Amino acid sequence: MPSYTAPLRDMRFVYHELIDGDSLQELPAYAEATPDTVDAVLEEAGKLCRDVLQPLNRGGDEEGCTYENGVVRTPAGFKEAYAAFVEGGWPSLAADPDYGGQGLPHLLNTLVEELICSANLSFGTYPGLTHGAYRALHAHASQELKDRYLPKLAEGTWTGTMCLTEPHCGTDLGLVRTKAETNDDGSYAISGTKIYISCGEHDLAENIVHLVLARLPGAPAGTKGISLFVVPKFLPNEDGTPGVRNGVSCGGIEHKMGLNASATCVMNFEGATGWLVGESNKGMRQMFTMMNLARLAVGIQGIGLSEASYQGAVQYAHDRKQGRGLNGPRYPDRKADPIVVHPDVRRMLLTMRAYTEGMRALGAWVAREADIADAHPDADRRQQGDDLVALMTPVVKALFTDLGYDVTNLGVQIHGGSGYVRETGMEQFVRDCRIAQIYEGANGIQGLDLVGRKMPAHTGRSLRRFFHPVANFLAEHQDNKELAPFVQPLSKGFGRLQTVTGWLAQKGLSDPEEAGAAATDYLRLIGLVALGYMWARTAQVALAHTGDDGDGFYAAKLATARFFMQKLLPQTGALVSQIMSGKDALMDVPESAFALSA
Amino acid sequence: MKVLVPVKRVLDPYVKVRVKQDKSGVDLSNAKMAMNPFCEIAVEQAVRLKEQGVASEVVVVSAGPQQSQETLRTGLAMGADRGVLIPTDVALEPLAIAKLLKAVVDKEDPGLVLMGKQAVDGDNNQTGQMLAALLGWAQGTFISKVELQDGAAQVTREIDGGLETLQVKLPAVLTVDLRLCEPRYASLPNIMKAKKKPIDTHSPEDLGVDVTPRLQVSRVEEPPARQAGIKVESVQELVKKLHEEAKVI
């Protein structure tokens, strides 16, 4: 198992130097987020992740969750670790002070979530979903429901879930069959079966709060007839303690490729008592509050796993001695050189690092804008933040998990055969990452969300929230000679993105299949340009510090930025050709041609 | 009873130590710093004494660069009540620190000073003993267990031959060893509360202590890189090498 050190130096760089996270403390809601507090929180979270969560990651994967007679047990050590996590108050980090939260920015929460995902992704799903449920209730529930559930979720003594999927409906939630019937006391009786419910049943918390999509009697068909209900495992007593068992039970858990310590449950609702959240038939919109946050959080999982894999790969590349440098021995006094001397190993390491650090920077920028969208006093500025977050949510979700999968795969490759062996822990990162490309909306759906909804939204306003800062940066630095090796490639990639965007807007309008054929490539294209923008900004900051760089941090940033510009960003050229070749190569193939031939 | 806990800001024990190019010392520029691990243990023990109702107040004190304030905040987040900062850019030697601490003890009048047996940067293992001597107080060093009752401390010390149990009259200076207790993780709410806890600042001049160094560091070098081992053919060869090359027998 590779050892793990929280990448605090890079996090501090991103927070304080790159994206000016400290400006958030000027917002009244985030006055507590002073630089020293941010550092102290990251420091302590890093310790907890390193010493408590990470040591359970391998064992948790081997042992997995177990199911017996409706009871789900998490692997050895998880209960104690979760108790320490709750004891430390970590679930309350970004929760509202009115409900026992610490009121810290989403930006800081994002960085802490990355630490948790690196250390133990399975563990992270329990508090992760809890925070999603917290947010959905906070945004939409009645005061009474808020008072009952939010303090418990912020404490973490109760955890949350989101129950959407049913056996016959995944992506197309308009098909939901679970029904809600009206009870005399204003509550509802919920009946139906939900599947793939992460953390639906477990032994970590005294109560589990399910947010369930269901149909009211006579509701319109499709997504316009779906309502959101809160259904607790134990019905709360008047004093807030968990009371009698509700009619919801776990019918079994899935056996999966990865994420084995996170219980994926079949949940049966048999006339379970639930309460309507917000207005009836508005459930889809309300669930999207949770879903959008969850999509950003899933993107962060991609970063966390990338970082963990990179740390393992770097250690191995220095330790493993095989063969000699291609231009002669680098360490003649040893029997062989470490494999880090080889160009191809460096290609892999630098690809891992350039993507990981680039994603961290981009994810942090989007998180900061989410805080601004939540808490800025100026409505226009809030709208700007909201637009950028809306545009970037599918990018963060799909790009970060696709790259996370690529990066963790490289981590295995650098290890050779020992990476394929379970005990090094490298292959677990690949398996754990695989689900992130699927859940909370498969990555193909994210592409459709981007080109079908976000790109045309408000006649391209969301898109401009990204294009304008990039264009301004390029204009501002076009004569900066020092920065030219970064500005020029970015300018080229951005030009390609603009061209393709115009082409796609026109084509897609008249032929949705053209948009669909381009969606995944277009998401990758805008994602690479966004990473390029973050790397160019990183280079700009790093160049100002060449004189005070005792530990070589800024020099490494410049080297990685250069690698990104020269070796990764040029992929935009191929993507342009792929996209502009249009849909024909896909759609001219008749369905019958997909038949299996004997 | 008030407990005073001196804490030191040192290079994080998890990071690699780099020597400055001119060999004048360890390179601390941009390096990650942390509370000395032995000091963490002392803070933990003091907070436990407070939770047991034995101590009434825990005061952490640190002498060093202005950023030692962060180290004090760490102690406050663990549960200490307030801090005392003695800012100075002078590289402090154990005697100077002991004198500074004596001045703080004179002001604060604690019933017990609980501190790390040594700091992992200088590894001097002197400050506690010097402080006890300057105060004329009893001392218990390298303690792995402590119980307070009737104006005395019963302490177990880790010594070369095993464990030694002593009765120490209070007030006293106790220096703690690794096995005394395991420091807690600061909780998020306590990290937030720590910001609002008071820290008093006194310069060495305010305290009337001359901290000018008495020692001069002539050179700091990294230990020589370890040479690859060899296999010996026979016991005779081993003995010969131990005798002639290693000169250990």
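Mentor: A salt bridge is a side-chain nitrogen of Lys or Arg within 4 Å of a carboxyl oxygen of Asp or Glu. This is a predicted model, in which local features need pLDDT of at least 70, side-chain atom pairs count only at pLDDT 80 or more, and totals for chains, interfaces and linings use all residues; side-chain values use heavy atoms, without hydrogens and water. Residues are numbered from 1 along each chain as its sequence is written, while chains are lettered from A and ligands numbered from 1 in the order in which they are written.

Trainee: With which residue does A:Asp10 form a salt bridge?

Mentor: Chain A is divided into domain 1 (8–140), domain 2 (160–282) and domain 3 (443–585), with bounds from an automatic or database domain assignment. Between domain 1 and domain 3 of chain A the count is one salt bridge. The closest N and O atoms are 2.6 Å apart, and the partner of A:Asp10 is A:Lys557.

Trainee: Which three residues supply more than any other three of the area that domain 1 of chain A buries against domain 3 of chain A?

Mentor: The contact (heavy atoms within 4.5 Å) takes six residues from domain 1 of chain A and nine from domain 3 of chain A. Together the two domains bury about 700 Å², 60% of it on carbon and sulfur atoms; buried area is the accessible area (1.4 Å probe) that two parts lose on being put together, summed over both. On the domain 1 side, 68% comes from A:Arg9, A:Phe13 and A:Leu18.

Trainee: How many salt bridges does the rule find across the interface of chain A and chain B?

Mentor: In this interface, 25 residues of chain A are in contact with 18 residues of chain B. The area buried is about 1800 Å², of which carbon and sulfur atoms give 55%. B:Lys32 pairs with A:Glu43, the closest N and O atoms being 3.0 Å apart. Across the interface of the two chains, the number of salt bridges is four.

Trainee: Which residue forms a salt bridge with B:Lys195?

Mentor: B:Lys195 is in the loop between helix H5 (188–194) and strand S11 (199–201) of chain B, and its partner is in the loop between helix H1 (8–18) and helix H2 (35–53) of chain A. Helices (H or I, at least four residues) and strands (E, at least two) are DSSP runs, numbered from the N terminus. The closest N and O atoms of the pair are 3.5 Å apart, and the partner is A:Glu32.

Trainee: At what angle do helix H5 and helix H7 of chain A pack?

Mentor: H5 covers residues 106–140 and H7 covers residues 283–319, with axes 9 Å apart. Axes are lines fitted to C-alpha atoms, for helices over the stretch in contact, and angles run from 0 to 180 degrees between N-to-C directions. H5(A) is roughly antiparallel to H7(A), the angle being about 175°.

Trainee: At roughly what angle do the axes of H9 and H15 of chain A cross?

Mentor: H9 (residues 379–415) and H15 (residues 512–543) come within 10 Å. H9(A) is roughly perpendicular to H15(A); angles under 35 degrees count as roughly parallel, over 145 as roughly antiparallel, 65 to 115 as roughly perpendicular and the rest as oblique. The crossing angle is roughly 85°.

Trainee: Where does B:Pro171 lie?

Mentor: The peptide bond from B:Leu170 to B:Pro171 is cis, with omega near 0°. B:Pro171 itself lies in the loop between strand S9 (162–169) and strand S10 (172–176) of chain B.
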